[in-house]
Amino acid sequence: MGQECIRFSNVVKRFGNILALNNVSFSIPCMGRYALLGPNGAGKSTTLKILAGLITPDYGEVLIKGLKPGTMEVKKILGYLPEDPMPYRAMTVRENLEYIAALRGLPNPKERAEEMMEMFDLKEYENIQAGKLSRGNIQKLSLALVLLHNPEIVLLDEPLNYLDIPTQEKVINELKTMKSTFLISTHIMSIATRLTDHVIMINRGSIVWQGEINQLKAMAKEDEPIESVVARLMTLGG
Amino acid sequence: MLWKLVKFLVLSRVGKPTLVLLVALGILTSLPLLLFHYNKETSLTYSYIGIFFTIFFTLSPLFAPQKGSSIPGIIKSDMDFLFQLPIDSKELALGLIISNMIVSFLIFMVGISILFIPSLGLLAFPTLFLISLIPPSLSVITYSLPLKSRISITFLIVLWDASALMGNPFSPLSMFFGYYEGYFLLALLDVLLLYLAITRFNTVGLASRYFAPEEKEVMKSISFSTSTPFMVMLIKNLHFLEIGGRGNILTAQTFIVRRVDVRWLILVFTIIGVVFLVLLKIIYSPVVNPTVINATYYMIFAYSILIPYMVMFFFVISAFAFEPLWLYLSIMTPLELARNYILSKIIAIEVVLLPYIILIGIAEGPIVAMDLLIGIPLSIIFVISTSARFYPVNPAQGRVNMTPSSILFGFIFVIPALGSVAGAFGVIFGVISLVIYLVFLAIISLPFMFSEGYWKKTFERYITMI
């Protein structure tokens, strides 16, 4: 196992009376591709927000390459896409990309914006305000904004939401070529199998299973789809 | 059925606690004014203000978008579910208008009854109720019409309203000058508008406009180069400012952000400044024309200070409502984001208002100009910081129901605006009152710029809302 890039140790997070995460622990090696799998309300998005440094855990230790989330060093190497993201509504696609590139201090924001628009087929919308784009194009723009700085660690919350099938394929291929550490939150098993090789299964704020996707496949009975295995594990864990 | 529909529509936009708060605040604000009305002779100034606000509300549907998901009074849930129900379209229209009318009336009771009661006494309540019907019905009548027709219809009504100022007893607002015909004509106008709205209401037409694509190219886009985060944010704000944000248009809380070119804004405020300069220095100057009643001069003077505060409010009320915090916070810390955001907004707004402030300074002296120059930035800090914390907006929703906190937040703005007017008036009687006001404003606003914990908690609340 290589160097550890993400450590999430005994994390507890409450929102009032709701226990969102209950003593959750896992670690991800650098260059690892992990899926965070679980039903709605399982605690997936909370886990990603804590890793992105947007919210703080009530208890436990969280480290990104040995550093605390939210520090400048981590911000420079991390890319986080929330669920249902909304870029800067009043700014055009191009302006959004250039603006965030300039804020990140990337050299030549104009050129980088151009590259990202090419990558995500956004060129024809470059002068359209983000608030007026279709939901699918907003998702593409958001992915472009997150990947602008070639982050070493990528946290994606339901990245393929709203995308049509050809775009999903394009995004999957782009993500596969990246040499980064991935933690992808999803409740769709096929996305997990296409983009990752490890699964952390979470339900009601607790980890119910973690391991390789191949192990998961091996647990299936004859002709049993992998989704049934996942459902079975989640039911047992829940 | 209609009653059930109205009840459902009202409660789908405003919760019960909010309704209770609105009624309680309405009673609290109107009772002392009723005593004032029946015990003292009222100045005509209130009549002018009453007419001004009625015209403002009549004009409001003109400024609301007629395409896309911001059609006033309609929320996406109406399109998705309500319009699918087997309810007669006329009943639906009536339900929507009546529910809008009820909520608008309650809001008016809290917000503007203080301006109507001194002139009309108890009759202010039926007047406000009748006025509350104008914006929603006008909105339903005109939403599908071309802009020219919308402007023509609206201005016809505005002209009829405004004719009360010329002493026309047959204006729907002539009651402000003692003509009882006004009440009858206002009711007649309401009946006419309601009839037209019901006959013109068309769910299919509304839905097709609601879901119409809004893609429209921005002609002049901004180019960014690598710099400090503050400079990058300042460049953005110096190119365009957003207007709108947390606002209520016809019951449904609508969060609209419009891109407004800063150069146009500078021009517009220079013109307004010149108008005030002429009014204060030449037409109504107590020195040049001592026969003119001082009350008019002081009213214009008060407006000359209130207007930049209102402008400031419109520019900052969208603060953090649509900001991609998930992106910003992956670049800078919460305190850095708050500082960069607020300071860049302050500079941009001061640039827009600077010619206006200079002109007011020429009209009223340097101390009044200093009041605006220092008071506005401090107020920006105060309004942005408090609205971010106590009136957070979930960008994914776009619209939210009116809540008790959003109503109470509206009163926060009163502190800097009225304080500034008091401070400026204080200049006439002694500079010390202005100094006290500015020190007070500094004490309540500046600590926000240094509190890491405050902004961390504020943004965490936003993040967990999404």
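Residues are numbered from 1 along each chain as its sequence is written, and chains are lettered from A and ligands numbered from 1 in the order in which they are written. Because the model is predicted, local features need pLDDT of at least 70 and side-chain atom pairs count only at pLDDT 80 or more, while totals for chains, interfaces and linings use all residues.

**View 1. The contact between chains A and B.** Chain A gives 35 residues to the contact and chain B gives 31; two residues are in contact if their C-beta atoms, placed from the backbone, lie within 7 Å. On the side of chain A, the elements that give two or more residues are β5 (78-81), α3 (93-103) and α4 (109-119). Helices (H or I, at least four residues) and strands (E, at least two) are DSSP runs, numbered from the N terminus. The largest share of this side, seven residues, comes from α3(A). The side of chain A that touches chain B has 21 nonpolar, four polar and 10 charged residues. Here Ala, Val, Leu, Ile, Met, Phe, Trp, Tyr, Cys and Pro count as nonpolar, Asp, Glu, Lys and Arg as charged, and the others, Gly among them, as polar.

**View 2. Helix α3 of chain A.** In α3(A), 11 of its 11 residues are buried. A residue is buried if 20 or more other C-beta atoms lie within 10 Å of its own, exposed if 12 or fewer, and partly exposed in between, with C-beta atoms placed from the backbone. Among the buried residues are R94(A), L97(A) and Y99(A). The buried residues of α3(A) pack against α4 and α5 (135-147) of chain A, together with α11 (229-239) and α14 (325-328) of chain B. Just after the helix, G105(A) takes a positive phi of about 75°.

**View 3. Helices α1 and α5 of chain B.** The axes of α1(B) (residues 2-13) and α5(B) (residues 89-111) come within 8 Å and cross at roughly 50°. That angle makes α1(B) oblique to α5(B). Axes are lines fitted to C-alpha atoms, for helices over the stretch in contact, and angles run from 0 to 180 degrees between N-to-C directions. Angles under 35 degrees count as roughly parallel, over 145 as roughly antiparallel, 65 to 115 as roughly perpendicular and the rest as oblique. The residues of this contact include L5(B) and L9(B) of α1(B) and L94(B) and I98(B) of α5(B). By class, the contact has 10 nonpolar, two polar and two charged residues.

**View 4. The nonpolar cores.** The largest nonpolar core has 135 residues, and L97(A) and I360(B) are among those with the most contacts inside it. A nonpolar core is a set of buried Ala, Val, Leu, Ile, Met, Phe, Trp, Tyr and Cys residues joined through C-beta atoms within 7 Å. Helix α15(B) (residues 334-364) gives the largest share of this core, 14 residues. Another core, of 45 residues, lies apart from it and includes L9(B) and F116(B).

**View 5. Helix α6 of chain B.** Six of the eight residues of α6(B) (residues 113-120) are buried, so this helix is largely enclosed by the rest of the structure. F116(B) and I117(B) are among the buried residues. Just after α6(B), G121(B) takes a positive phi of about 65°.

**View 6. Two loop residues of chain A.** D121(A), in the loop between α4 and α5 of chain A, has a positive phi of about 55° although it is not a glycine. Y162(A), in the loop between β6 (153-157) and α6 (165-177) of chain A, has a positive phi of about 70° and is not a glycine either.
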